[in-house]
Amino acid sequence: MTSIRTPAPTGVQDREAAARLLDEVKKAGVRFINLEFTDVVGIAKCVTIPAEQLPEVLRRGKWFDGSSIEGFARGAETDMFLCPDLSTYAPVPWRTSHPAEHDSNAGAVARIICDVLLPSGEPFPGDPRSVLRRALQRAAKLGFLFDVATELEFFLLREDAAENVLREPSPHDRGGYFDLSTHVVADVQREIMAVLKDMHVQVESSHHEVAAGQHEIDFAAMDALHGADAIVTARYAVKAVAQQHGMWATFLPKPFFSINGSGMHVHQQLRHHREHANAFADVADTEYGLSLVARQFVAGQLAHAQGMCAIVAPLVNSYKRLVKGFEAPVMINWGRVNREALIRVPRAASGSLAEVRIELRDPDPSCNPYLAFALMLSAGLDGIERDLPLASPVEETLTTLDEHTRVLRGIELLPGTLGDALAALTADNVMVEALGQQLTDWFVTAKMREWEEYRTMVHPWELERYLAIF
């Protein structure tokens with residue numbers, strides 16, 4: 001796994017870097033800049049400025065009112081500033097036309113991802129990006145860098161382009177796992193990869209997934225901060241490309257009953273800060289190649305699996321995916337050949353120690369990646385700091401591991417509902433500390449509203465199942 005270095009937190013912008021950026025903006029004919037950030041649940045937001053304002057924004061940041069953003073303001077905490085991270089500048093490829101003389105909407109558009117600051121200049125505690133920065137700083141103090149390589153799954157669906165609504169949730173194609181297709185959807189896949197490349201997002205590959213209409217993008221390994229930026233970017237880029245082809249892209253974890261849902265498997269690796277060597281690799285472990293640090297890290301994630309579940313699987317719908325029979329994890333275990341394990345240790349290519357990594361399989365593409373990566377790292381570091389022992393791997397499938405055996409072996413289950421997951425999050429002090437109490441409260445409040453609305457709603461299934469009987 002190769003890596004991009006994590007940038008230093010943005011404050012006063014480097015003058016030379018800022019001058020180079022302004023020159024690039026001018027040469028590209030960029031007319032508007034989207035200053036991007038995410039709310040607490042991971043929805044991309046932006047403030048758009050004319051390109052002429054960029055020099056001032058680079059010097060002073062951009063003020064905005066956060067009172068209407070989910071989890072972003074309470075009372076007097078409405079005034080905030082966006083501080084651009086210059087390393088995230090990228091063109092928006094589907095908006096790159098050159099300005100027309102009398103068209104105020106024409107002209108190339110670019111984006112810069114921002115950190116959210118308080119008027120004092122301190123990081124805003126409700127900014128998900130700052131939560132991840134804080135976790136990365138904790139890892140750095142222990143001598144580690146944290147890299148991720150993410151597999152992002154999604155569905156492409158048919159859309160009635162004239163009305164811009166989804167008429168029925170039917171998959172757009174009937175392909176299967178790794179199918180080679182001449183369907184138009186193959187062109188869409190390639191265009192998505194090209195767009196992401198233009199936006200400086202490193203993609204290794206793309207392929208058709210198991211379910212009809214389901215696809216996957218595999219990202220190159222990179223530091224967790226850029227990895228989270230890449231996920232947020234990809235989610236809206238995929239939707240934009242799909243819309244241009246009369247399709248609808250969805251990252252809903254389980255859009256269809258009885259077929260595989262969409263996950264966001266995350267391959268993780270710690271590297272030593274000084275020599276950048278893989279801290280997870282150990283040649284002495286002939287079976288899994290895991291170092292003591294790796295085993296402690298895995299033990300930490302297993303110990304906090306229930307506590308971080310609401311963050312990595314944040315929707316009511318997420319728990320329709322985390323069920324038996326669809327290669328999604330249900331038990332809190334680890335292994336290599338078990339495709340239903342919560343944490344898997346993929347076999348390193350050609351036995352290369354540099355490639356040894358662990359794969360967490362319960363996150364889904366609806367999560368806020370900044371918060372998800374922050375908790376994954378914090379859980380693993382807790383295992384290292386407390387020297388947690390790693391239980392034996394579980395290589396049996398769920399069909400051969402009965403309930404009695406599971407209990408005897410001390411294997412716990414992931415939460416079965418969003419309500420259970422939120423309760424587990426609030427009970428896990430390590431996860432709450434990693435998020436910060438303020439952000440935890442905002443996140444839980446937002447998600448409890450969803451859970452209570454769902455829990456009290458009368459669903460069509462109930463009427464179909466019970467109305468004629470009772």
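# Salt bridges, spaces and surface spots

Let's start with Arg-59: this residue is exposed, with a relative accessible area of 60%. Keep in mind that you're looking at a predicted model. Arg-59 has a salt-bridge partner, Glu-56, and the count for the structure comes to 19 salt bridges. Beyond those pairs, a search of the whole structure turns up two cavities of 30 Å³ or more, and there is also a largest pocket with about 460 Å³ of space.

- Glu-56 and Arg-59 pair up in a salt bridge, and their closest N and O atoms are 2.8 Å apart.
- Both Glu-56 and Arg-59 sit in helix α2 (residues 54–60), three residues apart, which is about one turn of the helix.

- Arg-138 and Glu-385 meet through their side chains in a salt bridge, at 2.5 Å from N to O.
- Arg-138 belongs to helix α3 (residues 128–141) and Glu-385 to helix α9 (residues 369–385), so this pair ties together parts that are 247 residues apart in sequence.
- Arg-138 is partly exposed, with a relative accessible area of 25%, and Glu-385 is partly exposed too, at 44%.
- The side chains of Asp-382 and Arg-386 form another salt bridge, 2.9 Å from N to O.

**A salt-bridge network**

- Asp-85, Asp-115, Arg-129, Arg-133 and Asp-229 are linked up in a network of salt bridges.
- You'll meet one of these network members, Arg-129, again in the lining of the largest cavity.

- The largest cavity holds about 60 Å³ of space.
- Its lining is made of Glu-36, Phe-37, Thr-38, Ala-44, Ile-113, Cys-114, Asp-127, Arg-129, Val-232 and Tyr-370.
- Which strand gives the largest share of that lining? The answer is β1, with three residues.
- Both β1 (30–38) and β6 (108–117) supply at least two residues each to the lining of the largest cavity.
- Sorted by class, the lining of the largest cavity has six nonpolar, one polar and three charged residues.
- The second largest cavity has about 30 Å³ of space.
- Val-148, Ala-149, Thr-150, Phe-219, Ala-220, Met-222, Gly-227, Ala-230 and Ile-231 line the second largest cavity.
- Two or more residues of that lining come from each of β7 (144–158) and α5 (224–244).
- How many charged residues line the second largest cavity? There are no charged ones; the lining splits into seven nonpolar and two polar residues.

**The largest pocket**

- The largest pocket has about 460 Å³ of space.
- 22 residues line this pocket, and Gly-42, Ile-43, Ala-44, Arg-235 and Lys-239 lie nearest its centre.
- Ala-44 turns up in the lining of the largest cavity as well.
- The elements β1, β2 (44–50), α5 and α13 (437–456) each put at least two residues into the pocket lining.
- Helix α5 gives the most to the pocket lining, with four residues.
- The pocket lining divides into 13 nonpolar, three polar and six charged residues.

**A nonpolar patch on the surface**

- Trp-461, Tyr-466, Ile-469 and Phe-470 make up a nonpolar patch on the surface, and together they have about 540 Å² of accessible area.
- Tyr-466, one of the patch members, is found in helix α14 (residues 460–466).
- With a relative accessible area of 37%, Tyr-466 is partly exposed.

**Two residues with positive phi**

- His-276 has a phi near 65°, a positive value in a residue other than glycine.
- Look for His-276 in the loop between β12 (264–272) and α6 (292–303); there, His-276 is partly exposed, with a relative accessible area of 29%.
- Asp-387 has a positive phi too, near 55°, and again this is a residue other than glycine.
- Asp-387 lies in the loop between α9 and α10 (403–408), and at 49% relative accessibility Asp-387 counts as partly exposed.

How values were computed: Residues numbered from 1 in each chain as written. Predicted model: local features only at pLDDT ≥ 70, side-chain atom pairs only at ≥ 80, totals over all residues. Heavy atoms only, no water. Patch = residues over 30% accessible without salt bridge, like charges linked within 9 Å, V, L, I, M, F, W, Y side chains within 5 Å. Areas by Shrake-Rupley, 256 points an atom, 1.4 Å probe, with all protein chains shown as cover. Salt bridge = Lys/Arg side-chain N within 4 Å of Asp/Glu carboxyl O. Buried < 20%, exposed > 50% of the residue type's maximum accessible area, 1.4 Å probe, protein only. 1 Å grid on protein atoms, 1.4 Å probe; cavity = no way out; pocket = protein on both sides within 12 Å on 5 of 7 lines; lining within 4 Å. Points joined across faces, edges and corners; volume = space filled by probe spheres on them. Nonpolar A, V, L, I, M, F, W, Y, C, P; charged D, E, K, R; others polar.
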